[in-house]
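The following exercises are to be worked with the sequence and the coordinates at hand. Each task is followed by a solution in steps.

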Amino acid sequence: MEPTQNSFLSEVVQASGEKLQACYQCQKCSAGCPVAYAMDILPNQVIRHIQYDHRERVLSSKTIWICASCYTCSVRCPNNIDIAKIMDTLRNIAIRSGVKPGEKDIPLFHSVFLDAIKSKGRIHELSLILQFKTKTRDFLKDAALGWKMYRKGKIKLFPSKFGGGKEIQEIFNSFEKREAK
Ligand code: SF4
Ligand code: SF4
């Protein structure tokens, strides 16, 4: 199956650099995926939908946001298709296209996480949680788990010192400039 010009398949092949036309649906990727149980379409089905140009179905799926980028599927694929990279590509295309995500909190968490890295150069978990909760307004969800983590010393009250914030900001700025061209 070769991608036709302007098709969703050619868009994903070009952006990811992966020859997903080679997929013959052996399903090894889905069989090894640790979060397949939470997905609305399985990794092998994502590949099939792309081959059939089902753009909306793929970009609005929960799957592309639930994928934890663990690379198990990429290692298992007999055709060396890097499915994790394709998932990452699909997230990027979905954001740029303004498609309503199938999972609302996960993309929001991604954006809060990246904003925190951009402004401070590293994550302070407590500030990250507070910023995320302020946006979701769901203050009680996972509160018990947060308290447990705090008591075990996994969440610190104050951020630790980090000297590389300026360099990280420069990386973000140069990337944003390149994207704007
Ligand atoms: S493991 Fe590779 S060939 Fe098999 S279904 Fe998944 S992507 Fe296709
Ligand atoms: S990279 Fe994503 S799709 Fe692949 S096995 Fe891991 S969680 Fe599943």
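Two residues are in contact if their C-beta atoms, placed from the backbone, lie within 7 Å. The model used throughout is predicted.

**Exercise 1. Describe how helix H1 packs against helix H7.**

Step 1. Two packed helices are described by the angle between their axes and the distance between the axes.

Step 2. For H1 (residues 8-16) and H7 (residues 83-97), the axes come within 9 Å and cross at roughly 115°. H1 is therefore roughly perpendicular to H7.

Step 3. The handedness of this crossing of H1 and H7 is right-handed.

Step 4. On the H1 side the contact is made by Glu-11, Val-12, Ala-15 and Ser-16, which meet Lys-85, Ile-86, Thr-89, Leu-90 and Ile-93 of H7. By class, the contact of H1 with H7 contains five nonpolar, two polar and two charged residues.

**Exercise 2. Carry out the corresponding analysis for helices H8 and H9.**

Step 1. H8 (residues 105-120) and H9 (residues 125-136) pack at an angle of about 135°, and their axes are 10 Å apart. H8 is therefore oblique to H9.

Step 2. The crossing of H8 and H9 is right-handed.

Step 3. From H8, the residues Asp-105, Leu-108, Phe-109, Val-112, Phe-113 and Ala-116 meet Ser-127, Leu-128, Gln-131, Phe-132, Lys-135 and Thr-136 from H9. The contact of H8 with H9 divides into seven nonpolar, three polar and two charged residues.

**Exercise 3. Characterise the residue shells around ligand 1 and ligand 2.**

Step 1. Ligand 1 has 15 residues around it, of which Cys-23, Cys-26, Cys-29, Asn-44 and Cys-77 come nearest. Helix H2 (28-32) and helix H3 (43-51) are the elements that give two or more residues to this shell.

Step 2. The shell around ligand 1 is made up of nine nonpolar, four polar and two charged residues.

Step 3. Ligand 2 has 14 residues around it, and Cys-33, Cys-67, Cys-70, Cys-73 and Ala-84 come nearest. Here helix H6 (72-76) and H7 are the elements contributing two or more residues, and H7 supplies the largest share, three residues.

Step 4. The shell around ligand 2 holds eleven nonpolar, three polar and no charged residues.

**Exercise 4. Is helix H10 largely in the open or buried, and how many helices and strands does the protein chain have?**

Step 1. H10 covers residues 143-151; of its nine residues, the number buried is zero, so H10 lies largely in the open. Gly-153, with a positive phi near 80°, follows H10.

Step 2. The protein chain has eleven helices and zero strands. Of its 181 residues, 22% count as buried.

Step 3. Along its principal axes, the C-alpha trace of the protein chain spans about 55 × 40 × 30 Å.

Technical notes:
Residues are numbered from 1 along each chain as its sequence is written. Chains are lettered from A and ligands numbered from 1 in the order in which they are written. This is a predicted model: local features need pLDDT of at least 70, side-chain atom pairs count only at pLDDT 80 or more; totals for chains, interfaces and linings use all residues. Axes are lines fitted to C-alpha atoms, for helices over the stretch in contact, and angles run from 0 to 180 degrees between N-to-C directions. Helices (H or I, at least four residues) and strands (E, at least two) are DSSP runs, numbered from the N terminus. Angles under 35 degrees count as roughly parallel, over 145 as roughly antiparallel, 65 to 115 as roughly perpendicular and the rest as oblique. A crossing is left-handed if the near helix is turned anticlockwise from the far one by less than a right angle, and right-handed if clockwise. Ala, Val, Leu, Ile, Met, Phe, Trp, Tyr, Cys and Pro count as nonpolar, Asp, Glu, Lys and Arg as charged, and the others, Gly among them, as polar. A residue is near a molecule or strand if its C-beta atom, placed from the backbone, lies within 6 Å of it. A residue is buried if 20 or more other C-beta atoms lie within 10 Å of its own, exposed if 12 or fewer, and partly exposed in between; C-beta atoms are placed from the backbone.
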